[in-house]
Amino acid sequence: MSIEVRNISKTFGKYIALRDVSLTVPSGELVALLGPSGSGKTTLLRIIAGLEQPDPGSGQILFEDEDVAGQRVGNRNVGFVFQHYALFRHMTVGENIAFGLRVRPRALRPSKSAIRDKVMHLMKLIQLEGLESRYPSQLSGGQRQRVALARALAIEPKVLLLDEPFGALDAKVRMGLRRWLRKLHDEIHVTSVFVTHDQEEALEVADRIVVMNQAKIEQIGTPDEVFHKPASEFVIDFLGNVNLFHGRVDGGRVSLGGSDGDGPAGSNAKVYVRPFDLEIHSERTSPTALPAKVVRIQSAGPVVKIELTDGLGRSMNVEMPHDRFRAMQVVAGNDVFVTPRDAKVFTGDYSI
């Protein structure tokens with residue numbers, strides 16, 4: 001079941017939540033709406049679900065070419081998973097999962113045995129067999145979120161919508177659950193859209209990422225595309241750690257450091273470099289290399305993280321493999337030179 005949003009706008013009083021937003025989610029994809037707080041991602045998700053209405057005269061919301069903008073929430077057959085589970089505390093796990101089926105009109109309601117079979121199937125799917133008689137208070141946060149997902153799937157929704165589903169969980173549980181969600185999606189192939197402000201979560205789980213900022217979409221692409229080929233300064237700055245340099249571009253050569261108007265001839269530029277794309281040398285290897293001083297070294301973890309400052313006291317961060325670090329024998333206080341191995345350069349309104 002594909003989802004298409006055409007030219008949707010939404011305002012709350014004077015506040016603009018969405019500004020002429022269009023988006024297509026192909027059938028069977030798992031798409032992340034990623035952005036900072038206030039970017040419009042949750043409002044867009046709620047409009048798709050029917051929990052919010054777009055501005056009068058706004059565009060269309062289509063499920064497989066059927067315009068559902070005028071339909072009530074209950075008629076859209078959408079499964080919705082909230083951040084804080086929203087489970088019924090007085091019901092058992094099994095009763096929570098069965099709720100959407102039991103409240104259907106009598107003519108559409110499955111038999112008791114069919115509902116029981118559905119619950120058992122979903123309990124196995126979420127890997128909680130044998131816990132159907134427990135109450136939500138007897139489960140961990142991760143288990144409760146899986147029950148909330150099973151309840152949403154019980155009605156066999158056309159699309160599955162998740163609003164920061166792991167935001168209330170601690171980091172280790174969240175990591176395990178997002179891998180589980182990716183595996184589950186590969187099994188059931190329900191068209192799914194989830195909201196998150198966690199870049200790592202979106203990059204790991206989603207087929208495609210919709211990066212949002214200030215009520216509009218900045219970029220849509222695969223995780224690889226939005227990370228390695230950012231369409232704007234906002235996207236590269238928001239996705240992961242990045243160093244920003246005010247530099248110059250002359251004849252295709254980029255020089256770091258200085259401020260606008262300083263340095264060699266050429267165009268002013270903002271140069272963004274990921275920490276793993278900065279190289280450190282003990283001697284100047286290029287006329288465009290930037291002098292710096294090593295301030296701090298953090299070697300615990302899969303890579304070595306090195307904090308540097310330039311001649312004006314501005315901070316930058318470098319990441320490198322442990323074997324490379326050991327070969328350099330760099331220590332805090334060393335004077336070094338920094339060159340970019342790869343960079344994203346923005347000059348005025350353009351990127352190169």
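**Rings and surfaces in a predicted model**

Guide: The protein chain has an accessible surface of about 17600 Å², and 49% of that belongs to carbon and sulfur atoms; such areas come from the Shrake-Rupley method with a 1.4 Å probe, and for residues only the protein chains shown count as cover. This is a predicted model, where local features need pLDDT of at least 70, side-chain atom pairs count only at pLDDT 80 or more, and totals for chains, interfaces and linings use all residues. Residues are numbered from 1 along each chain as its sequence is written, and side-chain values use heavy atoms, leaving out hydrogens and water.

Visitor: Why is Phe80 called buried?

Guide: Buried means under 20% relative accessible area, exposed over 50%, and partly exposed in between (1.4 Å probe, protein chains only). Phe80 has 15%, so Phe80 is buried.

Visitor: And what makes Phe82 partly exposed?

Guide: Phe82 has a relative accessible area of 34%, so it counts as partly exposed.

Visitor: Why is the pair of Phe80 and Phe82 called tilted?

Guide: Rings of Phe, Tyr and Trp (its six-membered ring) pair if their centres lie within 6.5 Å; planes under 30 degrees apart are stacked, over 60 edge-to-face, and the rest tilted. Here the centres are 4.7 Å apart and the planes stand at 45 degrees, so this pair is tilted.

Visitor: How do you know that Arg146 sits over the ring of Trp180?

Guide: The rule asks for NZ of Lys or CZ of Arg within 6 Å of the ring centre and within 35 degrees of the ring normal. The charged end of Arg146 is 5.9 Å from the centre of the Trp180 ring and sits over it. Lys10 likewise lies over the face of Phe12, at 5.0 Å from the ring centre.
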